[in-house]
Amino acid sequence: MKQLILAILACAGFSVGFVNAEETNIPEFAAVFQVTTADEAGVAAAFTTFAASDCRKSLPTAMRIMRETWNGDEEVTHSVIWNFADAKAMTESFGAISQCRAWANTSASLSERADVKSQQLMRTLAAGGDYTQDTVYAVWQMAISDEAEYVAAYKKMMAAQVENGQVNGAWGLWRVQGGANADITHLAFSGAANMEALLANGNPSKAYVAFQKKVADIRTIHRVNINSVLADL
């Protein structure tokens, strides 16, 4: 897993249009590592031990482990997200762990307990809300053929949703900056404090219906998952 994390540094130098997010603590970059494990407790314990180390405490990153609660037939059981304010923070973090004994021990433990299925670098295109207050998320995995048009429509729709009080938590749109495939180019997410809040709005709003019609020809949704926060480290 150490080698996979270091490999993502090659993506950090990309410089393409980032849309500044307003009123949000959602960072510019997120490195997402998806794994399959039958030992959730062991994986969580390995990361908890790392989180207590001086090495981890010096890293300019926020780490979160997600449990894939409902993910259909997807093999992935958990996602580990490393959030970074900018590319510099990412470079510093991954550079530091390459020299960190605590991470070497954690990496060795993880290699015995989990299989890495994918590694992706995400870049925030639009976002809102405080993600640290959420415990569950709906996640849309999709392919977008016209990013500029989609982002404009998405931001308009979310502004209407927020104004009408229909947003319960943090939300955002990510471009798969590194690690994209033919099916998945972007991810959208919507969070809530708990499952009840996430499922509170059963009927789509007028703004969402209009948005769906607007982007029908430029977006294909491949999967909709619901995941939950296992740990923040």
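This is a predicted model: local features need pLDDT of at least 70, side-chain atom pairs count only at pLDDT 80 or more; totals for chains, interfaces and linings use all residues.

I began with Asp232, which is partly exposed at 48% relative accessibility. My cut-offs are under 20% relative accessible area for buried and over 50% for exposed, with partly exposed in between (1.4 Å probe, protein chains only). Residues are numbered from 1 along each chain as its sequence is written, and side-chain values use heavy atoms, leaving out hydrogens and water.

Next I looked up the partner of Asp232, and found a salt bridge to Arg64 (2.6 Å, N to O). Asp232 sits in strand β8 and Arg64 in strand β2, so the pair ties together parts 168 residues apart in sequence. Strands (E, at least two residues) and helices (H or I, at least four) are DSSP runs, numbered from the N terminus. Arg64 is buried, at 4% relative accessible area.

I count a salt bridge when a side-chain nitrogen of Lys or Arg is within 4 Å of a carboxyl oxygen of Asp or Glu. By this rule I get eight salt bridges.

Then I checked Arg175 and Glu147, whose side chains meet in a salt bridge (2.5 Å, N to O). Arg175 belongs to strand β6 and Glu147 to helix α6, so this pair ties together parts 28 residues apart in sequence. Arg175 is buried at 11%, while Glu147 is partly exposed at 24%.

Last, I turned to helix α2, residues 40-51. Its buried residues are Gly42, Val43, Ala44, Ala46, Phe47 and Phe50.

Note on methods: The expected span of a helix is 1.5 Å times one less than its number of residues.
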